[in-house]
2 protein chains.
Amino acid sequence: MKLYFAPLACSMATRAALYEAGATATFVEVDTRTKRTAGGDDYLRVHPVGLVPVLDAGDGTLLFENAAILQYVADRFPEARLAPADPMGRVRLGQWLSFISAELHRGLFGVLLDREAPEAVHTYAIARGTSRLDYLNAHLSGREFLLDAFSVADAYLATILGWSVVTTVNLKKWPAVSAYLEHMRERPSMARALAEEMPMYIAEQSRKRAAESAVVQATPPS
Amino acid sequence: MKLYFAPLACSMATRAALYEAGATATFVEVDTRTKRTAGGDDYLRVHPVGLVPVLDAGDGTLLFENAAILQYVADRFPEARLAPADPMGRVRLGQWLSFISAELHRGLFGVLLDREAPEAVHTYAIARGTSRLDYLNAHLSGREFLLDAFSVADAYLATILGWSVVTTVNLKKWPAVSAYLEHMRERPSMARALAEEMPMYIAEQSRKRAAESAVVQATPPS
């Protein structure tokens, strides 16, 4: 298997899930700005919109969308128990993956991380997102995981919530969410994924700043 | 079963899926502005954030999130063949449901339908959404359905694309998407759902305008 990822992007959830499963996989870093892999390949040939993660299932089959990939990993390694085994538990897993993806990732934190989005877009996302965090906080109060045990939904949620530190959202306002994130970060798979991707993220940010600075210097003063 | 819905909202996809399956269900209209059901009940007691759809599975179990509910309906009525039967087909179904939910619903059309969102938010959503529609158009070229046969993902996609008529997105720029939507609307389940919910939508919009006008009249001139 081969995971196309960007440092600290939502693809980190799949990395953590693969570690949970003890799976053998290679990891290909993607620069989501230039849409090139670390090896210089055109990433738009892998994913036409340039989104991560993409998982190559091993036979060249390319799987898109984090929520679908995470469930695929859970099904491929059932002994790792990354998803509930009962049908209603699977429905609940799908429910949380969908909520995290649409409401927290795309609707809130993904927008806040986009530095090119105007301030009005950030304000709008925060106004909408508050009720979602209230709901999440109520659900997580007195719970260790989203479901009865750790699942790929926790890997996804912890990854997204981790982004809050570089946004104006202070998770301390939602104590159960904040405590959950701290707890999740102590989990070996998540701690390892974070420790590995953090230096890559810092290097990526440095490259971005250098590229932006080069553009500014090449523009004649008006 | 009982479906909590708002007229022409994404819950229409679940209604169409229930019609496809010949399922017996009751439908409870929700006013997403006042967060009350048509019977006057507090909808926040059903869904803490007030989102539709919610499906009461029949025993009081409440299911959230359209993508999860659609897969539940497909699994509950396997003879209706609303989902692929093979494991990789199921992964692809999950992939499309996730893409529609995050990228087209929450990321694009859901934002454009929000009249309270500032213009900058609309502009941002359209700029991001164009590449998603390009990708969808390429996928649908020469295809009748998202997968090899009709699935709940088609019910969801057709519902979301139908919203374009009240936005500035002209689907004619994406001919395969446009042709797909026309074709989907001829499908009896979709045609019936649309015919039933359109009058309810018009009535809901009239109530909203009346409520807004009442607020304006009650505000003393400054």
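How many nonpolar, polar and charged residues does the lining of the second largest pocket have?

The structure is a predicted model, in which local features need pLDDT of at least 70, side-chain atom pairs count only at pLDDT 80 or more, and totals for chains, interfaces and linings use all residues. Residues are numbered from 1 along each chain as its sequence is written, chains are lettered from A and ligands numbered from 1 in the order in which they are written, and side-chain values use heavy atoms, with hydrogens and water left out.

Chain A is built from seven helices and five strands, where helices (H or I, at least four residues) and strands (E, at least two) are DSSP runs numbered from the N terminus. Read from the N terminus, the order of these elements is β-α-β-β-β-β-α-α-α-α-α-α. The radius of gyration of chain A is 18 Å, close to the 17 Å that the globule rule gives for 222 residues, so the chain is as compact as a globular protein of that length; the radius is taken over C-alpha atoms, and the rule is 2.2 Å times the number of residues to the power 0.38. The C-alpha trace of chain A spans about 65 × 45 × 30 Å along its principal axes. Among contacts (heavy atoms within 4.5 Å) in chain A between residues at least 6 apart in sequence, 62% join residues at least 24 apart.

Of the 222 residues of chain A, 55% count as buried, a term that means under 20% relative accessible area, with exposed over 50% and partly exposed in between (1.4 Å probe, protein chains only). In soluble globular proteins, nonpolar side chains tend to be buried together. A nonpolar core is a set of buried Ala, Val, Leu, Ile, Met, Phe, Trp, Tyr and Cys residues joined through side-chain atoms within 4.5 Å, and in the largest one, with 155 residues, A:Leu136, A:Leu161, B:Leu136 and B:Leu161 touch the most other members. Leaving aside neighbours within four places in sequence, A:Leu161 has contacts that include A:Phe109, A:Leu133, A:Leu136 and A:Tyr180.

The second largest pocket holds about 530 Å³ of space. Its 19 lining residues include A:Gln71, A:Arg90, B:Gln71, B:Asp75 and B:Arg90, which are the closest to its centre. On a 1 Å grid over the protein atoms alone, a pocket is an open set of points where a 1.4 Å probe fits, with protein on both sides within 12 Å along at least five of seven lines, and lining residues have an atom within 4 Å of a point. By class, the lining of this pocket has ten nonpolar, four polar and five charged residues.

Helix H3 of chain A also holds A:Gly94, which is buried at a relative accessible area of 14%. The C-alpha atoms of A:Gly94 and A:Gln71, 23 residues apart along the chain, are separated by 8.5 Å.

Some details of the backbone remain. Most residues other than glycine have a negative phi, and most peptide bonds are trans. A cis peptide bond joins A:Val52 and A:Pro53, with omega about 0 degrees, and A:Pro53 lies in the loop between strand S3 (36–37) and strand S4 (54–56) of chain A. A:Leu8 has a positive phi of about 65 degrees although it is not a glycine, and this residue counts as buried at 14% relative accessibility.

Definitions and conventions:
Points joined across faces, edges and corners; volume = space filled by probe spheres on them. Nonpolar A, V, L, I, M, F, W, Y, C, P; charged D, E, K, R; others polar.
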